[in-house]
Amino acid sequence: MSAHISIHTLRQMKSKGERFACLTAYDATHAEVISRSGVECILVGDSLGMVVQGHDSTLPVSLADMAYHTACVARGNQGSLLIADMPFLSYADTADAIKGAKALMQAGAHMVKLEGGAWLAPLIHTLRQHGVPACLHLGLTPQSVNVFGGYRVQGRGDAAGQRLVQDVQELEASGAELIVLECVPQQLAATVTQATSVPVIGIGAGPATDGQVLVLYDMLGLNVGKTPRFIKNFLSEGRSIAQACQAFAEDVRSGRFPASEHCFD
Ligand code: KIV
C-alpha cells in the first residue's frame, strides 16, 4: 500500500462513490500481507475468540486478548486503517470504555469498534473528545447473540428498518466515524448507506454499502461446518494468500463482490 489510509481517505472515497475493502487480521504476518494487497482497512475483530481461540462466540474475549492481537497486527501493518474491537461488556460504563479504548489505541489501533445503536451516542461523543474515533457495528451484533437467539438476519420489517436508519443518524450526529452493518437485507443497507455521510462497511449486507469486510479465515475457505451465505472463498483457483486478498480488494472495488448469492432480501 503506497499511502497511509485514514478516515479522511474513506470519507473521500465515499463521496466519489469508490468502494473500499476491509479484512480481519490477528497477527503481524497476515496484517502485512493484507495491507500490501491494497486492502484499505484491517479489523482486529473479536471474532478471534472463535477463529483463533476456538470458542463458540465472541463473549469470552478479554481486553488483554484484544490489546495483544492489536499490537501484533500493528507491527505488521503497512498503512491500512487499523480498527480494533472493544470486547463484550468492556464499554458498559464510561470509565471502563475509556480504559479499554486507551489500551487498544496504545497498542496501535487508529479507531475502536463498539457494537450497538443510538444508546451509545453519548459514549461516542466522550471518546471522540478524548481523541478516540469510533466505528459502530449494527444489525447482527455478535456480542448480542444470546439476545437474538442465534446468528440471524436483523432489520427485517419496516419498524426495525426505520430504527436502524435512526440509530445510524444519531450515531453520526454524536461523531461516529465508521459504521459496520452485518447481516441485514440488502435494500435496508442501501437505504442506510444513502442516509448518512459516514462510510458504511457491509458484511452480509449487499453490494450498496461503501465498503465490504470479511473475516480473513472465512475468505480463505477455513471456516468449518456450514458456510454462511455471505462468505466467498477467494483462495480457490490456485491463488496464494496475498493473491486472494488482492482478488477480494479488486472484486469489492469493481462491485463483483458481493454477488446476489451472498445477499439477504
Ligand atoms: O469481529 C469481527 O471480525 C467483526 C466482523 C465480522 C465485522 O466484527
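Glu40 is buried, with a relative accessible area of 7%; buried means under 20% relative accessible area, exposed means over 50%, and partly exposed lies in between, using a 1.4 Å probe and protein chains only. Please note that this is a predicted model, in which local features need pLDDT of at least 70, side-chain atom pairs count only at pLDDT 80 or more, and totals for chains, interfaces and linings use all residues. Residues are numbered from 1 along each chain as its sequence is written, and side-chain values use heavy atoms, with hydrogens and water left out.

With which residue does Glu40 form a salt bridge? The partner is Arg253, and the closest N and O atoms are 3.5 Å apart. A salt bridge here is a side-chain nitrogen of Lys or Arg within 4 Å of a carboxyl oxygen of Asp or Glu. This pair links distant parts of the chain, 213 residues apart: Arg253 lies in helix H11 (residues 241–254), and Glu40 in the loop between helix H2 (28–36) and strand E2 (41–44). Helices (H or I, at least four residues) and strands (E, at least two) are DSSP runs, numbered from the N terminus. Arg253 is partly exposed, at 37% relative accessibility.

Let us turn to Asp251. This residue is buried, at 9% relative accessibility. Asp251 forms a salt bridge with Lys232, with the closest N and O atoms 3.5 Å apart. Lys232 is partly exposed, at 27%. Asp251 also pairs with Arg256, where the corresponding distance is 2.9 Å. Arg256 is exposed, with a relative accessible area of 52%.

In total, the structure holds eight salt bridges.
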